[in-house]
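These are my notebook entries on a structure that was new to me. I set down what I looked up, in the order in which I looked.

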Amino acid sequence: MTKRLKKAELHCHIEGAAPPALALSQAEKYGVDPETFMRDGAYAWTDFAEFIKAYDRVAALFRSEEDYALLTETYLRELAAVDTIYSEIIVSPDHGDRIGLGADTYLSGITAGIESARAATGIEARIIVTGERHFGPESVIAAAEYAARSNNPLVTGFNMAGEERMGRVVDYARAFDIAREAGLGLTIHAGEVCGAFSVTDALDLVKPARIGHGVRAIEDPDLVRRLVDLGTVLEVCPGSNIALKVFPNFKSHPLKKFHEAGVKVCINSDDPPFFGTSLAQEYDWASSEFGFTDAEIDGMTRTAIEAAFVDEETRARLLARL
Ligand SMILES: Nc1ncnc2[nH]cnc12
Ligand SMILES: [Zn+2]
């Protein structure tokens, strides 16, 4: 039972964390037919490409600064209620622009949600700006430029999510150069839908401290050793990987193999209600499905805090809470 363990996560997409009940109330607010995004109480999608579309349909239910504050506060309070002390939220200012809200207002809503949740529960959170790969290199570069000039102290990292099969990492490397020069922490979705080559590309061209997923690196033993040598942290999201059929079941999921090989790993929820999961559920599965001891799970939480994109004073405070 992992209920009483302290928790932390580095990989959760804010719109992907929208509880279905909140999505339904937003749909009612904006007169959207729930049938367009939900079946039998669950978000409707079939494969990865459909998931990306379903994500955008749910994201489209959040249209104002208040909507984003409510979404963020709701998610963080849910995390705090299961003893989560730290969360990094992946956000897409592009989305704010596309819906006419504007990137600044989108981010200020999310920031307000973080501040309310912190005041109410003590949970600490940071914002990771992401580019969406399927919108092409120009859009990802624009997201990096936006993150680089953001004066928001909660914006501490840059990521790239979206359709991994679109282009190669080299096409997007400039975006990461911009983010690196601005002092942002770097992480990138790789080795989720695409194979080990995608993780190799990321290490060669982005040199990130962390990789989102990275689980298909298991297909290349030399690459696994390289991850150990570099100390790259994999933000592993087992429930997401199984829901998206990256692996058919927990037995074949490589989380334990990475851990045994000495790769730094931590546990994350990705887009929890889309994948029938939650951070608490992922912690439970770490125990019940992967057979990790509580001490090993605590070790992965420590890894998350050690790899968090926070200042050293905050890191020390978080480590002291473990
Ligand atoms: N698991 C995932 N992979 C890539 N892009 C995403 N955007 C939201 N969730 C994602
Ligand atoms: Zn993700």
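Entry one: a helix pair. I began with the contact between two helices, where V140, I141, A143, A144, E145, A147 and A148 of α6 meet R174, A175, F176, I178 and A179 of α7. I note that the model is a predicted one.

I then turned to the geometry of the pair. Two packed helices are described by the angle between their axes and the distance between the axes. For α6 (residues 137-149) and α7 (residues 173-181), I found that the axes come within 8 Å and cross at roughly 5 degrees. Angles under 35 degrees count as roughly parallel, and α6 and α7 are therefore roughly parallel to each other.

Entry two: strand β5. I asked how many of the residues of strand β5 are buried. The count is nine of the nine, over residues 124-132, so the strand is largely enclosed by the rest of the structure.

I next considered the two sides of this strand. In a regular strand the side chains alternate between the two faces of the sheet.

I looked up which strands pair with β5. Strand β4 (residues 84-91) runs parallel to β5 and is joined to it by six bridges. Within this pairing, I90 stands opposite I128 of β5. Strand β6 (residues 155-161) is likewise parallel to β5, with six bridges between them. Here I noted N159 of β6 as the bridge partner of T130. To pass from β5 to β6 the chain goes through helix α6, and this β-α-β crossover is right-handed.

I looked up D40, which has a phi near 50 degrees, a positive value in a residue other than glycine. D40 lies in the loop between β2 (38-39) and β3 (42-43). Is D40 buried or exposed? Because D40 has 5 C-beta neighbours inside 10 Å, it counts as exposed.

I then examined K245, also a residue other than glycine, whose phi is positive, near 60 degrees. I placed K245 in the loop between α10 (238-243) and α11 (255-261). K245 has 10 C-beta neighbours inside 10 Å and therefore counts as exposed.

Note on methods
Residues numbered from 1 in each chain as written. Chains lettered and ligands numbered in written order. Predicted model: local features only at pLDDT ≥ 70, side-chain atom pairs only at ≥ 80, totals over all residues. Buried ≥ 20, exposed ≤ 12 C-beta atoms within 10 Å, placed from the backbone. Helix = DSSP H or I, 4+ residues; strand = E, 2+ residues; numbered from the N terminus. Pairing = 2+ DSSP bridges. Right-handed = clockwise from strand over helix to strand, strands pointing away. Axes fitted to C-alpha atoms, helices over the stretch in contact; angles between N-to-C directions. Parallel < 35°, antiparallel > 145°, perpendicular 65-115°, else oblique. Contact = placed C-beta atoms within 7 Å.
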